[in-house]
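Thanks for coming, everyone. I will keep this brisk. Please look at the model on the screen.

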Amino acid sequence: MAEPGPAPHLRTYLQIASLWIRAAWQYPTSFVLLAVGNGLITGLDFVGLWIMFAHLEDLDGFTLPEVALLYGSASLALAVADTAIGSVERIGTYIRTGRLDQMMTKPVPLLLQVCADQFTLRRLGRLTQASIVFGWACTYVDWTPTRVLVAVSMLVSGGLVFFGLFVGFSCVQFWTTDATEFANAFTYGGATITQYPLTIFPREVLVGLTFVIPIAFVNWYPCLFLLGRADPAGMPEAFQLASPVAGVLTMAAALLVWRSGVRHYTSTGS
Amino acid sequence: MSAMSATSARGPLIDVRDLERTFDVRRRVEGRRRRVRDSVLAVHDLTFSIDAGEMVGYIGPNGAGKSTTIKMLTGILVPTGGQVRVAGLDPSRDRVELARRIGVVFGQRSTLWWDLPLRDSFELLQKMYRISRARYRDNLERFVDLLDLGDQLDTPVRQLSLGQRMRGDITAALLHDPEVLYLDEPTIGLDVVSKGRLREFLRALNDERGTTLVLTTHDLQDIEALCDRVIVIDHGTSVYDGSLTGLHAEGGSSRTLVVDLVDEAPPILVPGATVRRVDGPRQWLSFPADASAAPIVAAVAASYDVADLSIQEPDIEDVIRELYSRPEGRPPADQR
């Protein structure tokens with residue numbers, strides 16, 4: 001049988017996801033409460049920024065709408081990745097409970113099954129909140145066709161970078177089964193850092209977020225382009241258009257780590 | 001069934017040669033700050049092959065390497081040495097492709113969606129395995145009928161009994177007509193009636209569809225009811241591979257002749273049998289399992305006043321215990 005293309009995989013993903021949504025609907029009240037709670041908690045994040053700006057004129061030269069653009073784009077990329085594949089961070093639990101073993105005996109790529117498993121629309125709370133902030137910030141951008149293109153590529157590449165980070169760091173759990181927090185430090189932690197203009201941090205942070213964990217490409221560099229600002233840190237201007245490269249590289253690296261993790265997998269007793 | 005005859009033409013369906021799997025285990029040692037790394041041989045020097053259509057019991061004590069072997073056969077674990085082929089495929093490399101051709105039931109874990117009716121889980125599997133609508137309908141109807149699941153199809157899985165859930169899991173593993181079905185402790189926790197029904201079903205499956213069965217179990221009645229062949233594994237390697245009858249001979253097992261005499265008597269003396277126990281007029285004589293009972297019965301009847309006679313078949317559990325305790329079955333202690 002020929003190796004199927006991505007379309008059947010996507011279909012399988014949606015089929016698994018929809019079964020989980022139906023399962024969640026068996027408890028509708030809990031479903032709604034969790035979704036609303038999720039939206040409120042992430043919403044408080046931005047309220048925090050708002051309050052800060054009530055006391056400040058600007059943050060290292062960035063106005064509130066500009067910071068909102070940084071915040072909104074990073075949150076949106078994270079929310080998309082989290083909604084689509086957030087379950088991957090639970091892989092340690094799947095290993096411990098033997099669920100991963102069962103997935104490995106199904107004729108569907110393991111990563112797809114892990115990502116689709118326990119799919120929950122609850123995460124739409126974060127997605128909605130991020131979209132609203134991003135949409136509001138966009139009204140302050142001076143749009144040109146190139147900037148529209150960069151904005152779209154920023155969101156797609158940002159999603160890819162977070163996909164890669166989620167998958168890559170979750171793989172640590174193949175070696176030590178309880179490292180969810182370790183992964184979170186880089187994904188959610190990274191997303192929190194990028195809500196602020198990166199120049200407020202020591203230069204080493206910016207360098208690390210550029211070359212080691214390329215979260216700066218999720219929003220910082222492309223947003224500088226959208227805002228038409230010179231890079232205050234003096235990094236090469238090409239970086240502002242390099243997000244897709246960062247996205248693809250992160251994803252590719254993550255898939256390599258994933259494959260090696262699966263081969264290292266030692267399962268559990270019984 | 002054309003796929004199956006194709007594989008049997010090329011050789012056995014399952015072919016395992018010199019299979020080995022080691023695990024790294026970290027261990028605390030007193031007086032040392034760092035944990036010591038040890039390599040443990042879970043499976044070693046394991047060789048066997050299984051033809052299409054066989055029903056094989058794969059048995060051994062806890063920690064003997066049963067699950068590790070099954071995980072290598074299904075592609076979950078990558079062997080650290082030796083070779084496995086299932087249906088001509090390398091399980092760990094061709095795992096996804098192999099998955100279409102095998103069915104796996106882990107007795108203690110369900111693949112079913114807890115909160116949804118059985119039917120929903122089955123329909124997702126139909127899509128995952130890309131089973132044609134017609135074949136899916138046929139199979140579902142058949143298994144539901146055979147396993148008596150009709151009334152439960154629309155009940156959420158969490159409301160099913162253990163036996164019903166297990167039957168649901170077995171149906172789930174069979175919808176795509178696998179060539180091999182691996183069952184890990186399928187009857188664990190089931191009541192006698194459910195066990196009997198499940199065994200009947202598995203036998204029929206093998207008869208009618210030629211599905212190869214590999215069964216790991218602690219329940220030796222499963223083996224006696226289903227398996228023509230037994231592979232016994234201990235300390236990571238096979239210590240017996242052959243028929244159930246052969247296992248009795250191998251394990252030096254014996255049958256017992258229970259003699260009820262009319263009166264109490266000193267221990268009976270007949271050639272070919274020895275008295276194990278005396279309790280009033282009743283005596284227990286044991287003789288080799290492969291020897292005929294007739295001459296012994298005749299000898300006893302000729303010299304004693306016998307009220308009643310009965311023969312007890314050997315207990316397979318004793319036989320296996322005997323095999324396990326043999327020193328030559330074990331690898332040298334320092335083998336790493």
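Start with a pair of helices: helix 8 of chain A and helix 12 of chain A cross in a left-handed way. Left-handed means that the near helix is turned anticlockwise from the far one by less than a right angle; clockwise would be right-handed. Helices here are DSSP runs of H or I with at least four residues, strands are E runs of at least two, and both are numbered from the N terminus.

A word on the source: this is a predicted model, where local features need pLDDT of at least 70 and side-chain atom pairs count only at pLDDT 80 or more, while totals for chains, interfaces and linings use all residues. Residues are numbered from 1 along each chain as its sequence is written, and chains are lettered from A and ligands numbered from 1 in the order in which they are written.

Back to the pair. Helix 8 covers residues 145-170 of chain A and helix 12 covers residues 220-227 of chain A. They pack at about 160°, with axes 10 Å apart. Axes are lines fitted to C-alpha atoms, for helices over the stretch in contact, and angles run from 0 to 180 degrees between N-to-C directions. The two are therefore roughly antiparallel, a label for angles over 145 degrees.

Which residues of helix 8 of chain A meet helix 12 of chain A? Arg147(A), Val150(A), Ala151(A) and Met154(A) do, against Pro222(A), Phe225(A) and Leu226(A). Contact means C-beta atoms, placed from the backbone, within 7 Å. Nonpolar covers Ala, Val, Leu, Ile, Met, Phe, Trp, Tyr, Cys and Pro; charged covers Asp, Glu, Lys and Arg; the others, Gly among them, are polar.

Next, chain B. An open sheet of six strands runs in the order 5-6-7-3-8-9, with mixed pairing. Strands pair if DSSP finds at least two bridges between them. Strand 5 and strand 9 of chain B are at the edges with a single partner each, so one side of each has no neighbour in the sheet. Strand 3 and strand 8 of chain B run parallel, joined by four bridges. Tyr58(B) sits opposite Ile231(B) there.

Last, the contact between the chains. Chain B gives 24 residues and chain A gives 20 residues. On the chain B side, helix 4 of chain B gives the most, with four residues. That side has 13 nonpolar, four polar and seven charged residues.

Notes:
Contact = placed C-beta atoms within 7 Å. Parallel < 35°, antiparallel > 145°, perpendicular 65-115°, else oblique.
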